[in-house]
Amino acid sequence: MAWEYSEKTRQLFMDAVHGKPGTHMGEIEDPDGFGEHGSIVCGDALRFSFRVKRHPADPTQDVITEARYLTFGCTSAIAASEALCAIIEAGGFTPLQALKVTNQEIVKYLDGLPNQKVHCSVMGAEALEAAVFNWAQKRGVDLAKHGVTLGGEKDNDGRIVCTCFSLSEPYIKAKIRELNLHSIPEITNAIKAGGACMSCHHAPGGLQDLLDDAWGPRPTSLKASPTAPASPEPVAPTSVPAPLSAWQLGKKVEKAVDDYIRPILKKDGGDIEIVDIKDALIYCRLKGACAGCAGAATTLKLMVERTLKEQVDERIRVIAV
Amino acid sequence: MPPLIYADNNATTPVAPEVRAAMAPFFDDQYFNPSSMYDAARAVRQAIEAARHQVATLLGGITPEQILFTSCATESNNAALFGAVRANPGRRHIITTAVEHPAVLEVCKELARNGLDVTFLPVDRRGQLDLAEFIRALRPDTLLVSVMHANNETGVIFPVAELARIAKETNPGILFHTDATQTVGKLPIDLSTEYAQVDLLSFSGHKLHAPKGVGALFIKRGTPLRPYLIGGHQENSRRGGTENVPYIVGLATACRLAGEHLAEEHKVGTLRDELEERILANVSFVEVNGHGAPRLPNTLNLAVHAIEGESILFELDAAGICASSGSACTSGSLEPSHVLRAMQVPFTAMHGSVRFSLSRYTTAAETAVIATVFPEVVARLRRVSPYWDHARNRLAADIPNPAAGTPHR
């Protein structure tokens with residue numbers, strides 16, 4: 001699909017990638033706060049770090065002076081990272097104040113994001129949260145005392161609902177409330193859950209159930225209606241019900257090949273490989289010197305087939321592969 | 001803005017000026033319904049039959065009645081698969097591959113939901129099929145084998161003629177379909193000799209310099225097939241609907257041009273090979289998807305480690321270069337391409353794929369620009385990437401690979 005990015009998003013991306021002065025791409029050595037969100041497997045990831053001007057007496061009065069990021073991801077992921085750092089630096093925030101920066105503010109800074117890219121801004125907010133948590137540990141600040149609960153960190157445990165992006169029930173539940181998500185597409189756009197195989201959408205305990213838990217069941221919920229079993233993954237080929245003689249036929253073919261056919265071919269520096277046998281069809285290929293020989297097909301058909309018909313079973317047919 | 005360099009010909013192609021010119025009269029005074037009785041309409045009817053003849057000529061000079069005109073390759077594929085299933089109720093098994101275009105893959109999944117048994121053949125790291133696996137999949141109740149001629153993303157070519165022969169020798173009742181959308185006009189296809197065992201072959205016009213909105217389906221004489229679009233007696237009662245005359249004429253003209261240029265396709269291959277060499281020489285941690293397998297001469301699909309494909313495309317676009325990617329961010333889903341996943345591309349490059357696809361209109365000057373710009377784009381984006389080791393200028397070591405089901409937050 002074509003890009004529907006705002007001019008601001010495009011410009012931030014270009015400035016960042018082309019290293020325009022004043023942009024925030026990079027890493028801070030020995031940062032005061034460091035946080036990551038996402039993974040290379042999921043398609044986007046953000047590494048966020050900041051430095052503070054330390055308050056001599058009260059760590060909660062530390063002020064963020066510098067913010068940097070490294071981002072793996074699409075245009076909007078990189079632009080959102082740039083926006084996050086710009087907002088944080090311009091605000092002159094303490095880390096606790098910075099926590100109040102939401103993904104909506106990032107979206108606003110970017111002059112909007114396409115719906116399916118909203119998760120890029122959420123990723124920024126999540127990485128920021130992780131970095132503040134890291135700062136609090138380093139500076140001995142008890143976040144709980146300041147009324148801060150960091151959903152993401154506490155919900156490490158819990159049942160995985162979206163296996164594609166490894167998202168747990170507590171995490172999704174928290175985000176449904178926090179980001180005010182009312183439908184499965186909204187969940188997918190914001191935190192990517194349910195965006196790949198989609199099997200968690202209407203499964204028991206899946207996204208629709210979590211939405212119903214949060215906001216009450218909706219009359220339009222698909223939950224009750226039976227859904228056809230999806231089979232998106234390649235299915236292993238089912239094997240043919242084998243007639244009883246298959247094993248014996250195979251053994252006999254092998255013996256006939258060893259005793260009569262292979263010695264003849266070997267004389268010319270060739271060989272034969274049986275690729276498969278089904279019923280009386282023998283799939284085989286000539287190897288060695290015979291492989292490139294113009295008479296190979298004729299050899300197979302005449303010599304191999306005749307020999308096997310005589311030695312094993314009149315029904316045998318040879319197919320060259 | 002820099003001049004546009006179009007390197008996305010596997011998505012669609014520019015309409016050839018000759019095609020446009022050939023279509024024009026059928027928008028003007030040759031507007032008659034080809035089914036009408038008066039003399040003026042007869043010329044239009046004849047234009048369609050001449051077009052059928054031209055298409056048949058490109059495909060090995062086969063009898064023209066075996067060509068059915070459709071609206072696109074997706075329709076051709078739907079018509080072939082649903083038509084074959086409806087005409088052969090006694091057989092319930094279909095074999096296809098995991099890397100088909102959605103126009104086949106999703107139809108097969110739909111057929112599976114309707115109770116048919118579908119085997120999706122896997123591919124290896126090079127994107128190739130295992131012949132032994134194919135043979136093992138053949139069953140007494142196999143109805144249809146549908147294997148694409150060349151993959152649209154990687155350009156990897158499947159040995160369709162050989163697969164068709166093996167299927168037919170195993171059981172002449174098995175129908176063989178191939179989606180040849182990426183190969184008609186690029187590779188010689190002779191349905192009277194080498195590909196004589198193929199029963200059904202789909203392709204579309206807009207991949208070979210005809211406009212969008214027209215396609216064709218080859219149906220070998222005697223192939224049991226129910227019509228897909230039911231209606232009037234057009235196309236020998238195989239497809240209802242008034243014929244799209246200007247587009248059919250456009251498709252035929254494009255086929256004639258493709259036939260005339262077929263001998264020059266190796267020039268496109270040379271350009272591609274040079275581009276590939278230059279990129280591999282100037283970019284580290286990049287792989288050619290489908291390397292080592294037979295590939296279309298026009299296609300170059302790269303897996304770039306540590307950066308994401310959509311941002312690569314954006315940067316290329318800013319330089320005027322049109323390409324595409326199998327990255328999640330460029331698809332409707334959040335998953336990377338099913339083709340690259342089936343090929344088990346390494347996870348550090350799965351989201352970093354870029355496809356350049358050239359055409360006979362691509363010039364050496366254009367590929368030279370791509371070869372210069374692409375390494376710069378990769379270097380810039382790697383500077384921003386957390387997975388690039390900036391000190392050693394290489395892919396970072398120890399990138400976690402969270403397995404599905406393991407919470408990472």
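Is A:Ser166 buried or exposed? A:Ser166 is buried, with a relative accessible area of 4%, where buried means under 20% relative accessible area, exposed over 50% and partly exposed in between (1.4 Å probe, protein chains only). Welcome to this predicted model, in which local features need pLDDT of at least 70 and side-chain atom pairs count only at pLDDT 80 or more, while totals for chains, interfaces and linings use all residues. Residues are numbered from 1 along each chain as its sequence is written, chains are lettered from A and ligands numbered from 1 in the order in which they are written, and side-chain values use heavy atoms, with hydrogens and water left out.

**Chain A in outline**

- Chain A holds 11 helices and eight strands; helices (H or I, at least four residues) and strands (E, at least two) are DSSP runs, numbered from the N terminus.
- Of the 321 residues in chain A, 51% count as buried.
- Contact means heavy atoms within 4.5 Å. Among chain A contacts between residues at least 6 apart in sequence, 55% join residues at least 24 apart.

**Two loop residues in chain A**

- A:Ser166 sits in the loop between strand S4 (160-162) and strand S5 (167-168) of chain A. Its phi is near 50°, a positive value in a residue other than glycine.
- A:Asp30 also has a positive phi, about 45°, although A:Asp30 is not a glycine. The loop that holds A:Asp30 runs between H1 and strand S1 (33-39) of chain A.
- At 69% relative accessibility, A:Asp30 counts as exposed, whereas A:Ser166 is buried.

**Helix H9 of chain A**

- Helix H9 (residues 207-215) of chain A is mostly covered, with seven of its nine residues buried.
- The buried residues of H9(A) are A:Leu207, A:Gln208, A:Asp209, A:Leu210, A:Leu211, A:Asp212 and A:Ala214.
- These buried residues of H9(A) pack against S4, helix H7 (169-178) and helix H8 (184-191) of chain A.
- After H9(A) comes A:Gly216, which has a positive phi near 90°.

**The two domains of chain B**

- Chain B is divided into domain 1 (5-12 + 263-395) and domain 2 (17-261); these bounds come from an automatic or database domain assignment.
- The centres of domain 1 of chain B and domain 2 of chain B, taken over C-alpha atoms, are 29 Å apart. Their contact takes 33 residues from domain 1 of chain B and 34 residues from domain 2 of chain B.
- About 2,700 Å² is buried between domain 1 of chain B and domain 2 of chain B, and carbon and sulfur atoms give 53% of that area. Buried area is the accessible area (1.4 Å probe) that two parts lose on being put together, summed over both.
- B:Leu296, B:Met343 and B:Arg360 supply 23% of the area that domain 1 of chain B buries against domain 2 of chain B, more than any other three residues.

- The rule finds one salt bridge across the interface of domain 1 of chain B and domain 2 of chain B, a salt bridge being a side-chain nitrogen of Lys or Arg within 4 Å of a carboxyl oxygen of Asp or Glu.
- The side chains of B:Arg125 and B:Glu287 form a salt bridge at 3.0 Å, N to O.
- Across the interface of domain 1 of chain B and domain 2 of chain B there are 18 residue pairs in polar contact, both at pLDDT 80 or more. A polar contact is a pair of N or O atoms within 3.5 Å; within protein, one must be able to donate a hydrogen and the other to accept it, and residues adjacent in sequence count only if both atoms are side-chain atoms.

**B:Asp199, a buried loop residue**

- B:Asp199 lies in the loop between strand S6 (175-179) and strand S7 (200-204) of chain B, and B:Asp199 is buried at a relative accessible area of 3%.
- The side chain of B:Asp199 reaches the backbone nitrogen of B:Phe176 at 2.8 Å.

**Helix H10 of chain B**

- Helix H10 (residues 309-318) of chain B has eight of its 10 residues buried, so it is largely enclosed by the rest of the structure.
- At the start of H10(B), a side-chain oxygen of B:Glu308 comes to within 2.8 Å of the backbone nitrogen of B:Glu310.
- B:Gly320 follows H10(B) and has a positive phi, near 85°.
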